[in-house]
Structure formats: C-alpha cells, structure tokens
Amino acid sequence: MTTADHADPASVVTPVDHRTEVAAETARFVAAVKDADLATAVPGCPGWTLADLVKHTGSVQRWFSALLRARIQEPPRTREVNLRLPGQEDGYADWLAESATVAADAFAATDPDLPMWAWGVDQHARFWARRMLFETLLHRADAELALGLRPVIDRSVAVDGIDEFLVNLPFATSFAPKVADLRGPDRTIRFRTTDGDDAWLVRLRPDGFGPDTSRPAADTADATVRGTAADLLLLVYGRLPYDAEALAHEGDEHLLDHWFANSAF
C-alpha cells in the first residue's frame with residue numbers, strides 16, 4: 001500500500017513505537033493546554049471546548065487501557081470505566097498526563113501480540129496501542145490548532161497514521177455510519193506524500209471500498225491528492241480540506257467530494 005524512497009534519508013519511514021509515542025503525544029497535548037483557557041472552542045470538533053477535548057482523549061485512553069487489561073475477546077457491552085476525573089477543570093491537564101500513565105501500565109502488562117478482539121483489521125492487543133496513539137495525536141493537533149499553533153507531526157508517525165486510518169476505515173461503520181456510503185463504480189483515489197515517496201491507492205466499488213494493494217499505489221488514479229505526510233494525515237481526518245493551500249489535487253473533484261463527505265471518523 002505504501003512505497004518508500006530510500007535514496008533520501010529524510011524520506012525514510014522508520015518503525016513507530018506506538019506505546020512510546022502515546023506518552024510523547026500526551027505530553028505535547030498537556031503542554032499545549034496546561035495554561036490555556038479550557039473554554040476555548042475547538043474548530044476541529046464543532047461544539048467542543050478544550051475541556052471537552054481533554055476529557056474525551058483521557059477517557060479514551062483509560063477505556064482502551066481497561067480493554068487491554070481485560071484481554072477482551074468480543075465487542076465490549078459497555079464503555080463505562082472509572083475515569084477519576086477531577087471535579088474542577090483546572091485539574092484536567094494533570095489528569096490527562098495521568099491517563100497516559102494508566103495506558104503505559106496497561107501496555108507494560110500486555111503482550112502486543114496477544115490475540116484480542118478489535119473493531120479494525122488487526123485482531124491483537126497492538127491494535128489498541130496504535131489506535132490510542134492516533135486518537136491522542138489528532139486531538140493534540142486539534143488543541144494546538146484551536147490555540148492558533150501549527151501542529152508539528154513526525155513524518156514517520158504521520159505515514160503510519162494515514163495507513164492506520166485507511167486500513168481500518170472500512171470497518172468503522174458502527175460509529176461512523178456515513179462510511180457505508182463510500183461506494184463507486186470502480187473509482188480510485190490516490191494519496192501521495194510530497195516529502196517522501198509514500199502513496200496509498202483506495203478503490204471504491206459498488207459493494208464497498210478499501211485500499212487496493214493489487215496495483216502500485218503510484219499508478220494512475222481517478223483523483224489524486226498530494227501533500228506532506230503531516231498534512232495528508234490532517235486531510236484524511238477532515239482537519240484540512242483537499243483544496244487547502246498546503247495540498248495539491250487533480251482529477252475527479254466529485255469523487256473527492258464524495259469521499260470526504262462520507263469518510264469522517
């Protein structure tokens with residue numbers, strides 16, 4: 001699904017340690033909101049404030065940690081977990097930092113290769129660490145954007161995040177129902193990095209969609225979007241429009257409109 005240009009060291013994708021990166025991303029998130037006004041609106045999550053964003057991210061980390069500790073083998077029947085949320089919002093930043101510690105403890109106690117139920121492709125404990133990383137990273141970026149800051153995202157992490165999103169998106173209909181409308185008469189969209197040679201080809205079929213690994217991702221597509229890995233990651237998550245100045249696109253704009261109207265995660 002991806003190709004890598006090994007001639008330029010800056011473009012090489014290095015393996016991502018998802019567990020370590022959860023801690024790093026949480027620390028960046030905490031640093032951004034520590035002294036911020038938590039009533040600040042978050043454009044990336046309409047209707048939410050920074051307080052809502054922090055609460056959501058910490059809650060997800062603690063819930064995923066509970067799933068790991070339980071070694072779940074079937075879909076959970078409840079999302080209830082003891083959040084230990086502070087009574088006052090001025091304690092939220094420290095609580096989020098503590099959530100990463102809860103996650104680290106769950107990671108340390110769980111073999112990443114342990115078979116577990118997951119809603120996506122990878123039915124192992126490592127799915128939850130990878131998913132937690134990108135949930136945390138995305139909302140760290142949301143917080144920084146809300147505060148007028150430009151998020152800095154490591155290229156290798158961004159490439160891994162694009163891959164994680166596109167691989168798992170076909171399985172997200174239980175909480176993102178519009179994904180079921182991603183259908184098409186054999187139409188393809190290509191996402192390609194400009195700070196490396198990574199590319200993904202997604203095919204829309206009458207019965208569904210998904211990454212197409214049968215063809216080189218660099219082959220001709222009906223529509224293509226190009227940008228840095230970081231900007232493409234923000235694009236697929238709906239934080240940048242495909243016609244943003246930081247991106248370039250070509251081909252069938254109706255196809256792109258259809259994709260982005262229904263791929264919200």
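**Salt bridges, helices and the sheet**

Analyst: The structure holds 23 salt bridges, each being a side-chain nitrogen of Lys or Arg within 4 Å of a carboxyl oxygen of Asp or Glu. This is a predicted model, where local features need pLDDT of at least 70 and side-chain atom pairs count only at pLDDT 80 or more, while totals for chains, interfaces and linings use all residues. Residues are numbered from 1 along each chain as its sequence is written, and side-chain values use heavy atoms, with hydrogens and water left out.

User: Which residue meets Arg-77 in a salt bridge?
Analyst: Glu-74 does, at 3.0 Å from N to O.

User: Is Arg-77 buried or exposed?
Analyst: Arg-77 is exposed, at 77% relative accessible area. Glu-74 is partly exposed, at 41%. The cut-offs: buried is under 20% relative accessible area, exposed is over 50%, and partly exposed is in between (1.4 Å probe, protein chains only).

User: What about Glu-135? Which residue is its salt-bridge partner?
Analyst: Arg-131, with 3.2 Å from N to O. Both residues sit in helix 4 (residues 126–146), 4 residues apart, or about one turn of the helix. Helices here are DSSP runs of H or I with at least four residues; strands are runs of E with at least two; both are numbered from the N terminus.

User: Are Glu-135 and Arg-131 buried or exposed?
Analyst: Glu-135 is buried, with a relative accessible area of 14%. Arg-131 is buried too, at 2%.

User: And which residue does Arg-192 bridge to?
Analyst: Asp-197, at 2.6 Å from N to O. Arg-192 is partly exposed at 22%, and Asp-197 is partly exposed at 26%.

User: Which residues are linked in a network of salt bridges?
Analyst: Glu-25, Arg-28, Arg-140 and Glu-144 are linked that way.

User: How do strand 2 and strand 3 pair?
Analyst: Strand 2 (residues 199–205) and strand 3 (residues 208–211) are antiparallel, over 4 bridges. A hairpin of 2 residues joins them. Arg-205 stands opposite Gly-208, and Arg-203 stands opposite Gly-210.

User: Back to helices. How do helix 5 and helix 6 cross?
Analyst: The axes of helix 5 (residues 155–168) and helix 6 (residues 229–236) come within 8 Å and cross at roughly 30 degrees. Axes are lines fitted to C-alpha atoms, for helices over the stretch in contact, and angles run from 0 to 180 degrees between N-to-C directions.

User: So what does that make them?
Analyst: Roughly parallel to each other. Angles under 35 degrees count as roughly parallel, over 145 as roughly antiparallel, 65 to 115 as roughly perpendicular and the rest as oblique.

User: Which residues meet there?
Analyst: In helix 5, they include Ala-158, Ile-162 and Phe-165. In helix 6, they include Leu-232, Leu-233 and Val-236.

User: And how do helix 1 and helix 3 lie?
Analyst: The axes of helix 1 (residues 18–33) and helix 3 (residues 92–108) come within 9 Å and cross at roughly 175 degrees. The two helices are therefore roughly antiparallel. Among the contact residues are Val-22 and Phe-29 of helix 1, and Leu-96 and Phe-107 of helix 3.

User: Last one: where is Arg-84 found?
Analyst: In the loop between helix 2 (50–70) and helix 3. Arg-84 is exposed, at 60% relative accessible area.

How values were computed
Two strands pair if DSSP finds at least two bridges between them. Contact means heavy atoms within 4.5 Å.
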